[in-house]
Amino acid sequence: TIKTEKPTSNPLFNLTYGLFVLSSKLGEKQNGCIINTVTQVASMPDRIMFCVNKNNYSADIIKETKKCNISVLTESATFALFKRFGFQSGRDVNKFDGFNDYAIANNGIAYITKSSNAYFSLKVIDIIDLGTHYGFIATIDDSKVLSTEKSVTYSYYMNYIKPAVKKDTSKKTGWICKICGYIYEGENLPADFICPICKHGASDFERIK
Ligand code: FE
């Protein structure tokens, strides 16, 4: 179903993004997270830049191992996939437990085989400190097209994949996470607040009412 989009006055919301599973491996443990910032930034040789929040376990792993895979997600990706890789931390759980839609690439790291139309095996050659995020610059060791399905955009995800957040209007004051629907009760949301469910920051919350 199509949800009604509120008009926005924030120009940043008009930028387009894809959605990707960024997978990495520390020791024998496979890990993965959802990122939305992956771009080819140079050619001959091809260079990919991707950005990861510093709080993210994947950022620690990739800083150390300099290796990862990026799976390009498609429009058939389910909300369950985004919850598995995006709404929990690899510090607490093994995100691949009970998950079968992956294979292991030549670099030993998992990549997604269902609802993904391509993957890249990357080698990190530079890391830029961007404040909240690290910018990783990488060369492509290996890559493969997996299907002809359309790549999913962030906007498609917001409109067709993410369930509508049910706002509980009985609460007098509070803030709701626009990503997962978690409600923070209280007049003032601390600027450094991190959503306990999906780990997004205060900027992804909006006032209830
Ligand atoms: Fe959240």
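Lysine 54 is partly exposed, with a relative accessible area of 25% (buried means under 20%, exposed over 50%, and partly exposed in between, using a 1.4 Å probe and protein chains only). Its side chain meets that of aspartate 129 in a salt bridge, 2.7 Å from N to O; the term asks for a side-chain nitrogen of Lys or Arg within 4 Å of a carboxyl oxygen of Asp or Glu. Aspartate 129 is exposed, at 52%. Since aspartate 129 sits in strand E8 and lysine 54 in the loop between E4 and H1, the pair ties together parts that are 75 residues apart in sequence.

A word on ground rules: this is a predicted model, where local features need pLDDT of at least 70 and side-chain atom pairs count only at pLDDT 80 or more, while totals for chains, interfaces and linings use all residues. Residues are numbered from 1 along each chain as its sequence is written, and side-chain values use heavy atoms, with hydrogens and water left out.

Back to the charges: the count comes to four salt bridges. Another of them joins arginine 91 to aspartate 60, with the closest N and O atoms 2.7 Å apart. Arginine 91 lies in the loop between H2 and strand E6 (102–104) and aspartate 60 in helix H1, so this pair links parts 31 residues apart in sequence. Both residues are partly exposed, arginine 91 at 42% and aspartate 60 at 36%.

Now for the sheet. Seven strands make an open sheet in the order E2-E1-E5-E8-E9-E4-E3, with antiparallel pairing. Strands here are DSSP E runs of at least two residues, helices are H or I runs of at least four, both numbered from the N terminus, and two strands pair if DSSP finds at least two bridges between them. E2 (29–35) and E3 (38–42) stand at the edges with a single partner strand each, so one side of each has no neighbour in the sheet. Further in, four bridges join E1 (residues 20–26) to E5 (residues 67–73), and serine 23 has asparagine 69 in E5 as its bridge partner.

Two helices pack on this sheet. H1 (residues 57–65) touches E1, E2, E4, E5, E8 and E9, and its direction makes about 55 degrees with that of E1. H2 (residues 79–86) touches E1, E2 and E5, at about 115 degrees to E2. Contact means heavy atoms within 4.5 Å; angles run from 0 to 180 degrees between N-to-C directions, with axes fitted to C-alpha atoms, for helices over the stretch in contact.
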